[in-house]
Amino acid sequence: MYDYIIVGAGSAGCVLANRLSADPSIKVCLLEAGPVDSNPLIRVPMGIIYMMMSKKLNWQYFTEPQAALEGRRLFWPRGKTLGGSSASNAMIYTRGHAADYDHWAALGNSGWSYADLLPLFKRAEHHETGAGPWHGTGGPLNVASLRSPNLLSGVFIAAAQQAGYYRNFDFNGAVQEGVGHYELTQKNGERWSVARAYLHPVLRRANLTVMTGVQVTRVILDGKRATGVAYVQNGQLATLAARAEVILAGGAINSPQLLLLSGIGPEMELARHQIPVRHVLPGVGQNLQDHLDVLIVHHCRKPVSLGLSWRTLAAQAGHLYNYVRHRRGPLTTNSTEAGGFVKSAPAVLLPDLQFHFTPARLDGHARNWRSAAFTLFGHGYALHVCQLRPRSRGAIGLHSADPLAPARIEPNYLSDPADLPLLVAGVKAARAVLAARAFDAYRGAEIFPGEAQQSDEQIVQFIRRKAESIYHPVGSCKMGSDPMAVVDATLSVHGIESLRVADASIMPTLIGGNTNAPTVVIAEKAADLILQSRSRRLLAHDAWSEGDASLR
C-alpha cells in the first residue's frame with residue numbers, strides 16, 4: 001500500500017517521485033517498464049546513436065502508414081529506462097515561447113500562463129552561467145553550454161546571420177527569436193538526464209520505492225475512483241494499491257493507451273477491442289500533435305564534421321582519450337549543436353519555424369545501422385527545419401486489448417492543408433542559410449533534396465518522401481474544460497477520482513520548441529498541485545476530527 005503510485009519513470013515521473021517523497025510521511029512508488037539507467041552510453045552524449053537503435057532502452061515505436069507521406073511508417077523512439085526520453089534525446093534545453101503558455105491559460109487553464117510557470121522553470125534549473133530574471137540556480141536540472149562545439153556549428157550561426165536572422169545567446173530569455181548555440185542538459189560533459197537530476201539523489205529515501213521492468217496493464221477502479229494498478233513483471237501478474245492517487249506519467253503514447261486499457265476513453269474505441277467501459281471520456285488519445293521535420297543535407301569539402309574518414313582516423317584515439325580524461329571533444333556533442341527560431345514571413349507574430357543544425361550527414365536520424373553508417377562515415381552537415389505549431393491533429397488508439405502490444409499511433413501528418421506550405425517555406429529558408437557565403441569554403445554537393453529539386457512541387461514531393469518526426473509528441477490527454485478535454489487544470493482526469501495525468505500528453509497545444517524542459521515543468525506544477533490537494537484533505541480531516549471530538 002502506497003500513498004501515490006507513479007506510472008512511468010521518464011522525465012515527468014522522476015520529478016514527481018522526487019518532489020512527493022520529499023515529505024517522509026508520504027509513501028511513493030515509481031514504476032518503470034524499462035531497466036535501470038546503468039548503461040554507460042546513456043551518459044556519453046554521442047551515445048545518442050546507440051540509444052536510438054537500442055531495443056532494450058527504447059520503445060522503438062512506429063506510426064501507422066501516413067497517407068500524406070507516401071504511406072510511410074515513421075519512427076517514433078521513446079526512452080525505456082529511468083529518465084525516459086531524457087536518457088536518449090538531444091539534450092536541448094528550450095522552453096518554447098511565452099505566448100504558448102499564455103494561450104493555455106486563455107483556453108481556461110488557470111495557473112498555466114508563462115508568468116505562472118516561470119518560477120517553476122527557474123526552480124527546476126541550475127543554470128551554469130548564474131541566476132537572473134529568466135534563470136535559476138540550485139535546481140536539480142543542470143543547464144550548460146556545449147563544451148566542445150564543432151567548427152561547422154559556428155559557421156551555421158554566421159551563415160544564418162548573413163541570411164538576415166538575429167544572433168540570440170539565450171532562447172529562454174526575453175526574446176526567443178534568432179539563431180545560436182543551444183544550451184543543453186549536460187553536466188561536466190555528460191548527459192544530465194532527469195533521472196540523474198531528480199531521481200538518483202533520492203533513491204535512498206525510505207519512503208520511495210522504485211520498481212523497474214514493470215509494465216502496468218491497467219488502472220484499478222472502484223466505481224469512479226482509482227485505487228491502484230495492475231502490472232506484469234517477469235511474466236507474473238500483480239497489483240499495487242494507492243491510498244491517495246494514481247498518477248500517469250507515461251507520455252503522449254503510453255498514458256492514453258493505459259487509460260484505454262482501463263476502460264476510460266471513447267466508447268467506440270473501447271467497444272472495438274471488447275474492453276468494458278468504466279468511464280466514457282471521448283478525448284482520450286485524441287488531439288495528438290507532433291513536429292514534422294525535414295533535412296537539407298550537404299557533403300562537406302573539408303574533414304571538419306563529426307563524420308569519420310581516413311583523413312581523421314588518427315585523431316579518433318585522441319578524441320576518445322580527451323573524453324575519458326577531460327570530458328571534452330566530439331564525444332560531448334549532442335549532435336544538434338546550434339539552431340534557432342525564425343519566422344516564415346515578416347508579418348508572422350511568433351517564430352513559426354525551428355532550425356536544428358547537425359555538423360554531420362544525416363538520413364533517417366541514424367535510427368538503424370544503415371543510416372548510422374551514412375552519418376558516421378563521411379563528412380557533411382545537415383539542417384533540420386520543422387513547423388512549430390502544426391494544425392494537423394492525430395490520435396493514439398489500440399491495436400488490441402493486449403496491454404503488452406504497442407499502441408496505434410496515427411499522427412495524421414499534413415492532414416490540415418495549412419501545414420504543407422509552411423514546411424515548403426521552411427525548406428527554402430534552410431537552403432538560403434546554407435547558401436550564405438560563410439559556407440563557401442565547406443559547401444559540397446547538396447545530397448537532399450538535391451540540386452535539381454527547386455520548384456515548389458518538387459519540394460513538396462521531397463517532403464512527402466523524406467520528412468520525419470523530430471520526436472515531440474504531445475496533447476493526447478489534453479488539459480481543459482471542453483468536451484474533448486481529458487484532465488482539468490489540476491491535471492485530474494475528468495470524472496475519475498484520485499487519478500491524474502502529468503506528462504506531455506496534457507498539453508492542449510504543442511509548444512514552439514523542444515518538449516523536455518516543458519515536461520519537467522508540467523511535473524513540477526503537478527507536484528505542487530498534488531501536495532496542495534493533500535494539505536487541504538489533511539486540514540479538512542483534522543477539522544472533522546476536532547468537530548467529532550467536541551460532539552463526543
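In which sense do S18 and strand S19 (residues 353-358) pair, and over how many bridges? In this predicted model, the two strands pair in the antiparallel sense, and 5 bridges join them. One of the contacts involves Ala-338, whose bridge partner in S19 is Phe-357.

S18 also pairs with strand S7 (residues 178-181). The sense is again antiparallel, and this pairing runs over 4 bridges. Here Ala-338 of S18 is the bridge partner of His-181. Ala-338 therefore has a bridge partner in S19, Phe-357, as well as the partner His-181.

Strand S18 spans residues 338-342. Of its 5 residues, 5 are buried, so the strand is largely enclosed by the rest of the structure.

Among the buried residues are Cys-14, Val-15, Leu-16 and Leu-20.

Attention now turns to open space. The second largest pocket holds about 530 Å³. Its lining consists of 26 residues. Nearest the pocket centre lie Met-46, Leu-306, Leu-308, Gln-316 and Pro-330. By class, 16 of the lining residues are nonpolar, 9 are polar and 1 is charged.

Three helices each supply at least two residues of this lining: H3 (48-53), H10 (313-326) and H11 (369-376). The largest share comes from H10, with 4 residues.

A search of the whole structure finds 3 cavities of 30 Å³ or more. The largest cavity has a volume of about 110 Å³. It is lined by 14 residues. Asp-290, Leu-292, Pro-390, Ser-392 and Tyr-413 lie nearest the centre of this cavity. The lining of the largest cavity comprises 7 nonpolar, 5 polar and 2 charged residues.

Notes. Residues are numbered from 1 along each chain as its sequence is written. This is a predicted model: local features need pLDDT of at least 70, side-chain atom pairs count only at pLDDT 80 or more; totals for chains, interfaces and linings use all residues. Side-chain values use heavy atoms; hydrogens and water are left out. Buried means under 20% relative accessible area, exposed over 50%, partly exposed in between (1.4 Å probe, protein chains only). Two strands pair if DSSP finds at least two bridges between them. On a 1 Å grid over the protein atoms alone, a cavity is a set of points where a 1.4 Å probe fits but cannot get out, and a pocket is an open set with protein on both sides within 12 Å along at least five of seven lines; lining residues have an atom within 4 Å of a point. Grid points are joined across faces, edges and corners, and a volume is the space filled by probe spheres set on the points. Ala, Val, Leu, Ile, Met, Phe, Trp, Tyr, Cys and Pro count as nonpolar, Asp, Glu, Lys and Arg as charged, and the others, Gly among them, as polar.
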